[in-house]
Amino acid sequence: MIKINRLNWKIGGEAGYGILSAGEIFAYACLHGGLETFAYLEYPSLIRGGHNTYQVWVREDNVQSHSSHIDLLVALNKETIEKHLHELVPDGGLIYDENDNTLREYACATRQKNCFAVPMADLAKQAGGQKVIRNMVAVGSSFGLINYPYNYLFDLIARFFEKKGSKIIELNQLAAKAGYDYVNHKYSSQFEYKLKVRRINNPKILINGNEAIALGAIKAGMKFYAAYPMTPATSILHYLVAQERNYNLVVKQTEDEIAAINMIVGASFAGVRSMTATSGGGFSLMTEALGLSGMTECGTVVVIAQRPGPATGLPTWTEQGDLRFALHAGQGDFPRVVLAPGDPEECYELTFLAHNIADKYQLPVIILTDKYLAEARQTVPLFNQDSLRIDRGELADTNRLAVDARFVRYAVTMSGVSSRSLPGQAGGIFTANSDEHDDTGLANEEAKVRTIQLEKRMKKIQSLRAYIKEPIKLYGLEGADITLVGWGSTKGPILEAIKALTGEGKQVNFLQVRCFEPFPVKEVDSVLRQAKQRILIENNYSGQLGGLIREKTGIDIAEKILKYDGRPINPEEIINYVNG
Amino acid sequence: MSTGKDFETGQFPTWCPGCGDFGIWTALKNAFVEQGLAPYQICVVFGIGCSGNMASFLNVYGFHGLHGRSIPVATAIKLANHKLPVVAVGGDGDGYGIGLGHLIHAMRRNVDITYVVHNNQIYGLTKGQTSPTTEHGVVTKSTPFGAIEMPINPIALAIDTGATYVARGFSGNVKQLTELIIGAMKHKGFALIDVMQPCITFNHLNTFHWFYQRIYELDKEGHNPVDKAKAWARAMEWPTQLSVDENRIDKIFTGLFYQEYRATYESQLPQLQNQALVEQSIDDINIQPLLEKLA
Ligand SMILES: Cc1ncc(C[n+]2csc(CCOP(=O)(O)OP(=O)(O)O)c2C)c(N)n1
Ligand code: SF4
Ligand SMILES: [Mg+2]
């Protein structure tokens with residue numbers, strides 16, 4: 001039976017084989033043909049050698065995660081077959097490079113059905129290129145097999161290699177075409193999976209979480225970004241610095257993460273929206289200055305793209321092990337906001353919101369993501385720009401300031417938020433002080449002043465509660481038989497699982513927690529009290545959200561799917577659990 | 001026209017009577033007054049220590065940050081609003097110990113800020129432990145058998161690392177220190193002023209008397225601060241005989257060791273040429289072109 005527009009494609013090869021560009025070109029070629037994709041890269045913490053894979057799940061409806069079921073596997077090395085052949089569905093296909101002897105022998109020994117030998121190295125050579133260009137032969141072969149028009153590939157290669165010049169573009173196109181023609185003639189009639197171009201009206205983009213965060217920040221008027229490279233947060237730095245001159249940003253790679261966060265506090269003090277991003281290790285170094293942001297009431301936005309810890313951990317893999325850390329990092333009590341987007345659209349929207357909160361409520365806002373969300377690409381509609389409003393909060397009016405008095409920067413108010421002046425503003429003099437201070441910022445250790453100022457700061461948490469419109473989201477029907485509970489990047493796999501389970505006639509809904517501080521006690525409690533069967537799903541060992549829910553609501557979620565092998569949860573794991 | 005009083009918050013300093021910190025406080029106020037600046041036109045970032053406690057005595061836009069972290073804060077304030085004069089103030093532990101990493105990078109970065117270090121060769125606020133500039137062999141609370149490590153030489157370090165204005169002051173010479181601060185603030189680039197500051201409570205070696213015996217002013221010796229080799233040679237001179245000895249010949253030079261004209265970090269950012277970051281409007285930023293690149 002022919003299967004149209006539902007294909008999960010995976011290419012694997014050694015690091016340095018061009019797996020990333022092959023995968024991205026495949027995914028964008030599908031996007032341009034009106035198809036929706038989810039594109040997911042796995043790679044070890046190495047530059048050369050080691051095993052890379054890129055998976056692209058293609059459908060007509062919105063694809064929200066990767067999957068452990070592969071329909072078409074493309075092997076540029078033996079390891080791809082060793083590690084991933086078991087993921088292939090029974091009527092799936094394997095394309096491999098038959099010029100590689102060990103690979104050929106191994107492929108033939110392991111699988112007969114739908115085993116498509118392609119002389120990739122030879123075809124690359126005939127196209128006039130080196131062996132490295134095999135990746136384009138492989139992409140061409142894949143599209144040839146599934147009868148997807150070659151011209152999408154042709155155009156994309158031109159776009160991807162634009163900077164490398166027309167010669168390289170042409171070479172890659174020739175190699176892709178050679179693979180396309182070879183497979184199309186020889187094998188395409190044997191393979192049942194096909195992709196067909198669709199006309200769609202609304203333009204879509206293919207974007208990952210890090211890019212979405214960068215876009216949210218630029219849109220929010222963030223002008224100062226300081227960071228130290230750390231996977232999986234680094235691509236935010238790369239993205240922003242490339243826009244430095246187009247959007248008038250200052251993007252600074254610092255000597256360490258301590259400098260990065262102290263800098264963004266300084267920029268915020270000077271009146272500029274600022275942000276940093278790191279992973280758990282870098283955030284460990286930032287904890288003292290996170291409190292500085294809270295104490296001096298200089299709002300900041302800190303992105304933690306989590307990876308498995310502790311210590312260096314698994315640098316290029318994924319985990320949700322830093323929720324508790326984000327909530328409690330830093331000495332003493334100070335107000336903070338912790339947000340957790342679950343997909344690229346939420347990354348964009350919540351980063352914009354984070355900058356408004358940081359400015360208006362003058363405190364640190366943490367955005368928690370992870371490697372899976374940061375780097376996997378998803379097809380989404382063009383981001384909305386119209387309904388987003390900049391909210392800078394209360395700025396002191398120079399005309400109403402007394403020139404020679406110190407400004408009461410930390411005035412005690414109902415909301416805990418006081419209006420602020422900016423350095424250089426006449427009449428606005430105050431001290432931003434990491435020591436406890438009086439209302440103009442001068443150091444003060446009196447019991448009464450301490451109590452008043454601490455309470456003033458902490459009050460902001462209650463004041464801003466209503467400002468966060470959707471601290472939770474409930475997907476699916478209220479009163480479903482099963483309620484899945486999760487946060488962050490598990491959202492995609494959970495929603496994919498629900499689609500499949502609903503198809504099987506099951507009633508399942510999903511409670512997504514998007515804000516941990518202030519914790520939406522009422523909202524979470526009311527959903528969970530009604531739930532008939534609750535299952536907690538987290539990419540960590542200790543079930544950190546589960547613990548938090550128990551602490552805040554008293555509800556203990558006994559059933560748990562916890563995964564902490566560095567790999568994202570896939571929909572099948574959830575489906576299997578629910579189906580017992 | 002501002003006066004010295006305008007730069008006082010009204011809180012009288014909590015420093016030990018006779019502490020060298022008073023002289024530095026005075027020199028800063030003088031330098032601001034002499035440049036015709038009003039308090040609101042200046043931003044000073046303080047570290048943590050007896051030195052940093054000046055945050056509560058000096059009336060300016062102040063930022064009293066974390067121990068060792070004044071430089072990154074000051075750097076970012078300058079990048080966010082490069083029209084604002086930015087000064088950083090801290091101790092030797094703050095700047096040469098816990099914060100040394102930031103200092104070295106700030107010097108090679110050459111952001112236009114002035115860094116005044118109260119170098120009392122001791123940790124004052126924590127009550128007398130060894131610091132990165134404590135002389136070899138000196139007994140402190142944390143080195144009861146004498147400091148084993150060699151002290152670092154801030155002037156040599158700064159010349160080597162790329163600071164473009166390198167000076168040593170003495171809190172017993174407020175007039176010279178005032179001039180050095182004015183010179184540093186007028187200088188376009190990173191300025192380090194290492195100020196010898198007797199801690200009368202915990203440092204019983206490097207006292208006012210000890211310094212008066214040894215100090216010589218560079219400009220009176222005909223030193224030319226653009227001569228890097230000479231600056232280096234002068235920087236290398238430091239007493240080898242530490243005890244008070246009326247017949248000693250060792251010299252400590254104060255004044256401007258080295259000055260170089262090199263483009264500042266911020267002057268090399270075209271995005272800052274028209275407006276400071278803080279002056280830019282952030283309403284209605286259009287990201288459509290960026291979205292299209294992802295389509
Ligand atoms: C992270 C951190 N570690 C330690 C301290 C404690 N502490 C405060 S001041 C100081 C040293 C002060 O020495 P210095 O910087 O030379 O300043 P001084 O008091 O001599 O002016 C220390 C260790 C702190 N505040 N923060
Ligand atoms: S302890 Fe030393 S440095 Fe601190 S105030 Fe007293 S004399 Fe000055
Ligand atoms: Mg000291």
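**View 1. A:Ile261 in helix 10 of chain A.** A:Ile261 has 0% relative accessibility and therefore counts as buried (under 20% relative accessible area; exposed is over 50% and partly exposed is in between, with a 1.4 Å probe and protein chains only). A:Ile261 belongs to helix 10 (residues 257-269) of chain A; helices (H or I, at least four residues) and strands (E, at least two) are DSSP runs, numbered from the N terminus. From A:Ile261 to A:Gln126 there are 135 residues in sequence and 53 Å in space, C-alpha to C-alpha. This is a predicted model, in which local features need pLDDT of at least 70 and side-chain atom pairs count only at pLDDT 80 or more, while totals for chains, interfaces and linings use all residues. Residues are numbered from 1 along each chain as its sequence is written, chains are lettered from A and ligands numbered from 1 in the order in which they are written, and side-chain values use heavy atoms, with hydrogens and water left out.

**View 2. Strand 2 of chain A and its partners.** In strand 2 (residues 6-14) of chain A, 7 of the 9 residues are buried, and the strand is mostly covered. Strand 2 of chain A runs antiparallel to strand 4 (residues 51-59) of chain A, joined by 9 bridges; two strands pair if DSSP finds at least two bridges between them. With strand 5 (residues 70-75) of chain A, strand 2 of chain A pairs in the parallel sense over 4 bridges. A:Ile11 stands opposite A:Tyr54 in strand 4 of chain A, and the bridge partner of A:Ile11 in strand 5 of chain A is A:Val74.

**View 3. An open sheet with strands from chains A and B.** The sheet has 9 strands in the order 17(A)-2(B)-1(B)-3(B)-4(B)-6(B)-5(B)-8(B)-7(B), with mixed pairing. Strand 17 (431-433) of chain A and strand 7 (215-217) of chain B are the edge strands, each pairing on one side only. Within the sheet, strand 4 (residues 114-119) and strand 6 (residues 191-196) of chain B run parallel and are joined by 6 bridges. B:His118 stands opposite B:Val195 in strand 6 of chain B.

**View 4. Helix 5 of chain B.** Because 6 of the 8 residues of helix 5 (residues 154-161) of chain B are buried, this helix is largely enclosed by the rest of the structure. Among the buried residues are B:Pro154, B:Ile155 and B:Thr161. B:Asn153 caps the N-terminal end of helix 5 of chain B, with a side-chain oxygen 3.2 Å from the backbone nitrogen of B:Ile155. After helix 5 of chain B comes B:Gly162, which has a positive phi, near 110°.

**View 5. The site of ligand 1.** Residues from chains A and B surround ligand 1, so the site is shared between chains. The residues that come nearest, of the 17 around ligand 1, are B:Cys50, B:Ser51, B:Asp92, B:Gly93 and B:Asp94; a residue is near a molecule or strand if one of its heavy atoms lies within 4 Å of it. Helix 3 (residues 92-98) of chain B gives the most to the shell, with 4 residues. An oxygen atom of ligand 1 is 2.8 Å from an N or O atom in the side chain of B:Ser51. A polar backbone atom of B:Asp94 is 2.7 Å from an oxygen atom of ligand 1.

**View 6. The residues around ligand 2.** The residues around ligand 2 include B:Trp15, B:Cys16, B:Cys19, B:Asn120 and B:Phe202. B:Cys50 is listed around ligand 2.

Definitions and conventions: A polar contact is a pair of N or O atoms within 3.5 Å; within protein, one must be able to donate a hydrogen and the other to accept it, and residues adjacent in sequence count only if both atoms are side-chain atoms.
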